[in-house]
Amino acid sequence: MPLAADRLLLNISRLVTLAPGSVMGAAGPLGVVERGALAARGGRVVWAGPEAALADAVDVASVPADGRVDAGGRAVIPGFVDAHTHFVFAGDRAEEFHLRHAGVSYEELARQGRGILSTVRATRAASAAELRGLGEARLRSFLAHGTTTVEGKTGYGLDLESEARLLDVMESLATTPGLPRVVPTFLGAHTIPPERRGSPEGRAAYVDEVCERMLPAFAGRARFCDVFCEAGAFTVEESRRILTRARELGYLLKLHASQLGPSGGTALAAELGATSADHLDYASDAELDALAAAGVTGALLPGCSFTLSIPYPPARRLYDHGLRVALATDFNPGTSYSENMQMMIALAVSAMGMTLAEALAAATLGGAHALGLVDEVGSLEPGKSCDLAILNGPDERALAYHFGVNLVAQTWVAGQRAG
Ligand SMILES: [Zn+2]
């Protein structure tokens, strides 16, 4: 019996499914179907395969004329799943970026009131409506570059009321049609807020506030709890306390781990069974083994290395240790101001020694693993959301090769054109 559908995407030169095992005609590690077609119903993929086999599999006659889309002989890929961003904030740090590149030291920039606390000040001062407008415009830019799922972190509020406002904004954006899927993460432990700095008592009081007031207040609203576990941010002991409390309250866990030095955060991610451990620039071999054994996805963020002019994350070591790898932008105003996953793929291939197949898989299915959403997004196969990007040419191998420009012509979320 042919499958019912309400949407067809036809005349695809190369359909990159990321599902070589479950799609007819899908070949190679990316599961590419040449001269492919895709059918969807109610926003979900019902069939993918060679266009020549479509009519036998799908009740094509039942699809209304306006539900049939001609891809024009272009390539189609799963929508990017950006599993690490900080996209809701106010203010701008362009001046700081250029001062840093002109050689002004981090200490001097901090003395001038720049750095993360300037974003905290601007974000606290912004209304929910202002933050929503900023967040929406950024999400539209993510969409225009082919991203269909965006994780977003709080962490520029750093008090109960301001952190709640950031979650309110993400919830409002998550329920607005025509935007990417939004996955909220609570990152109250991003940095110590300015009013709590300068004494061990203030610091301890903030960790108490995160554990006893914020985490209970936001349980069920944020999918993840994340902690910036790094020298200068939160210690392993503080991170363990916060994340253990979060786990008791039903949050899934993430960590910013081993970005700027061997922080111990990577081992903690394995110990606590985090869904992902992010950055990992300084993770040891033993820590990477522990992550792999615990099934933790490693999320690599090359935009930070590019922005800060520091070495790139050790992608090949993650593969050698058997880890699942995700690529993400870390979109944020201080260390990676890009919403473009195509740029991250270009950096992964040209600066991190990843193949295009590895980079494209990490930017889609890897991101889905890093969000615990692998049954929903990340590949184009029956049952998953019909989230995809139509490229502006016939071959996905233009990615990384033709860099610094936008190769996405259209983006679909749940079977509908959104960007
Ligand atoms: Zn981050």
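By domains I mean the pieces of the chain whose bounds come from an automatic or database domain assignment. With that settled, hi everyone. What we're looking at today is a predicted model, so keep that in mind as I go through it.

Let's start with the overall layout. The chain splits into domain 1, made of 7–78 plus 379–417, and domain 2, which is 80–370. Taken over C-alpha atoms, the centres of domain 1 and domain 2 sit 31 Å apart. In the contact, domain 1 puts in 24 residues and domain 2 puts in 21 residues.

How much area is buried between domain 1 and domain 2? About 1700 Å², and carbon and sulfur atoms give 69% of that. As for charged pairs, the rule finds one salt bridge across the interface of domain 1 and domain 2. While we're on salt bridges, have a look at Asp387 and Arg181 too: they form one, with the closest N and O atoms 3.0 Å apart.

Okay, on to the metal. Which protein residues are the donors of the zinc ion? They're His84, His86 and His256, each through NE2, plus Asp330 through OD. The distances to the zinc ion run from 2.1 to 2.5 Å. If you like to read these things off the sequence, the spacing of the donors is H-x1-H-x169-H-x73-D. His86 comes from the loop between β5 (80–82) and α2 (94–101), while Asp330 comes from the loop between β12 (325–327) and α13 (341–351), so this pair ties together parts that are 244 residues apart in sequence.

Now, why is the arrangement around the zinc ion called irregular? The angles between the four donor atoms run from 83 to 167 degrees. To count as tetrahedral, four donors need all their angles between 85 and 135 degrees, so a range of 83 to 167 degrees makes this one irregular. For orientation, the ideal angle for four tetrahedral donors is 109.5 degrees.

Ile242 sits in helix α8, residues 236–248. At 0% relative accessibility, Ile242 is buried. What does Ile242 touch, leaving out residues up to four places away in sequence? Its contacts are Ala189, Val207, Val210, Cys211, Leu215, Cys225, Val227 and Phe234. Take Val207 from that list: Val207 and Ile242 are 35 residues apart in sequence, but 7.4 Å apart in space, C-alpha to C-alpha.

Ser239 is in helix α8 too, and its relative accessible area is 0%, so Ser239 is buried.

Last topic: salt bridges. How many does the structure hold? There are 29. One of them joins the side chains of Arg14 and Glu34, at 3.4 Å from N to O. This pair links distant parts of the chain, with Arg14 in strand β1 (residues 7–16) and Glu34 in strand β2 (residues 32–41), 20 residues apart. Arg14 is at 11% relative accessibility, so Arg14 counts as buried, whereas Glu34, with a relative accessible area of 47%, is partly exposed.

Glu271 belongs to helix α9 (residues 265–272), and the two partners are 31 residues apart. Glu271 is partly exposed, with a relative accessible area of 47%, and Arg240 counts as partly exposed at 29%.

The side chains of Arg397 and Asp395 also meet in a salt bridge, at 2.8 Å from N to O. Both partners fall in the middle category: Arg397 is partly exposed at 47% relative accessibility, and Asp395 is partly exposed with a relative accessible area of 25%.

And here's how some of these join up: Arg14, Glu34, Asp395, Glu396 and Arg397 are linked in a network of salt bridges. That's it from me, thanks!

Definitions and conventions. Residues are numbered from 1 along each chain as its sequence is written. This is a predicted model: local features need pLDDT of at least 70, side-chain atom pairs count only at pLDDT 80 or more; totals for chains, interfaces and linings use all residues. Side-chain values use heavy atoms; hydrogens and water are left out. Donors are N, O and S atoms within 2.8 Å of the metal (3.2 Å for Na, K and Ca); water is not among the atoms, so sites may look incomplete. Four donors count as tetrahedral if all angles lie between 85 and 135 degrees; four count as square planar and six as octahedral if opposite donors are over 155 degrees apart and all others between 65 and 115; anything else is irregular. Helices (H or I, at least four residues) and strands (E, at least two) are DSSP runs, numbered from the N terminus. Contact means heavy atoms within 4.5 Å. Buried area is the accessible area (1.4 Å probe) that two parts lose on being put together, summed over both. A salt bridge is a side-chain nitrogen of Lys or Arg within 4 Å of a carboxyl oxygen of Asp or Glu. Buried means under 20% relative accessible area, exposed over 50%, partly exposed in between (1.4 Å probe, protein chains only).
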